[in-house]
Amino acid sequence: MKQPSNKQFSINSFPRVRMRRNRLSDFSRRLMSENILSINDLIYPIFITYGSNIKEEISSMPGIYRISTDLLYKEIDYISSLEIPAIALFPKIENELKTPNGEEALNKNNLLCKAIKITKKVNPNLGVITDVALDPYTNHGHDGVLHNNEIDNDLTLDILCKQAIVQAEAGCDIVAPSDMMDGRVGAIRDSLDDYGLINVQIMSYAAKYASSFYGPFRDAIGSASNLSKKTKKSYQMDPANSDEALREIRLDINEGADMIIVKPGMPYLDIISKAKKEFNFPIVAYQVSGEYSMLKNSIQNGWLDEKNIIFETMLCFKRAGCDAIITYFAPYIAKNLIKKI
Ligand code: PBG
């Protein structure tokens, strides 16, 4: 009989250890899988626009549309039928309504408020998330207001707090400050609480980078031309930094955020992973417009397999530590997951 040679092979090495054994059969791969994606992980962003009977494709995001509020009823029905837990609403307003201080953000009857009310009317149980930031409303395309040619943090805070209250009173469940001003989570929490809106959650874009991956989104909400060549680097983070992301996240947690967002998504999985380890806090990734466009473009060209590549990206988010993912692919994923049942 062949003697096991303990000298040559430790218990942890080949050939006693064959990693492929667990991977050999389908049943075993299923048992060994460490992460799983479910419909409960998905948040779907929806772009809304003014006018009626409008459904216009965003040219840099094939398959994604801006829709007018009269078409939102059907869309909410559809999203609800797919059992997606929550949507994020983004408005594109008329250019004439855009001002330096973005006053339209505080109009209780603005496009976004209308969309919130319609959504809640169609399905009160669908979670509604709204962006707290001024970029859809300013004529310069920035998320805050300008003072002496700079985005003024504290002046902006005051408006953001009012914006959050307008959205919450219209019926949104979660406000999502995406502006990266200092102190906004605490200020918004205090304002909401003062108005008795104690159960409105705050999903803070805590680690939001000054990224070129947002290009197609800025087309979608019509802020690209207003922003022109200006950058958001004085408030959004430098892609070179990760310690800074952890500081940002720590601050937002301490200020009262209920969950935090890391954005963009896939190029920033290291941030998600570090944040999950450090804080054990609910983390949401935003697979942003540019990520969608890259993938969709390759899918349309037949260069990447649609289902496999989309599900792979989702699992990567789960593996990194995400509790939920904001993704333009949400309906596609939900349809696929439902079919499997
Ligand atoms: C605006 C906002 C942006 C996104 C969400 N909210 C763009 C930006 O900061 O310029 C990006 C989403 C995407 O690219 O899909 N405050």
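How many of the 18 residues of α4 are buried? I looked this up in what is a predicted model, and I found that 13 of the 18 are buried, so α4 is largely enclosed by the rest of the structure.

At the N-terminal end I found D152 as the cap, with a side-chain oxygen that lies 3.2 Å from the backbone nitrogen of D154. After α4 comes G171, for which I noted a positive phi, near 120 degrees.

Next I turned to α9 (residues 269–279) and α11 (residues 306–320), which pack with their axes 8 Å apart at an angle of about 30 degrees. On the α9 side I listed L269, I272, S273 and K276, which meet C316, F317, R319 and A320 in α11. By class, I recorded five nonpolar, one polar and two charged residues in this contact.

My last entry concerns N35, which I located in the loop between α1 (26–32) and β1 (42–49). I wrote N35 down as partly exposed because its relative accessibility is 29%. Leaving aside residues up to four places away in sequence, I found that N35 touches L315, K318 and R319. For N35 and R319 I also noted the C-alpha to C-alpha distance, which is 6.2 Å, although the two are 284 residues apart in sequence.

Notes
Residues are numbered from 1 along each chain as its sequence is written. This is a predicted model: local features need pLDDT of at least 70, side-chain atom pairs count only at pLDDT 80 or more; totals for chains, interfaces and linings use all residues. Side-chain values use heavy atoms; hydrogens and water are left out. Buried means under 20% relative accessible area, exposed over 50%, partly exposed in between (1.4 Å probe, protein chains only). Helices (H or I, at least four residues) and strands (E, at least two) are DSSP runs, numbered from the N terminus. A polar contact is a pair of N or O atoms within 3.5 Å; within protein, one must be able to donate a hydrogen and the other to accept it, and residues adjacent in sequence count only if both atoms are side-chain atoms. Axes are lines fitted to C-alpha atoms, for helices over the stretch in contact, and angles run from 0 to 180 degrees between N-to-C directions. Contact means heavy atoms within 4.5 Å. Ala, Val, Leu, Ile, Met, Phe, Trp, Tyr, Cys and Pro count as nonpolar, Asp, Glu, Lys and Arg as charged, and the others, Gly among them, as polar.
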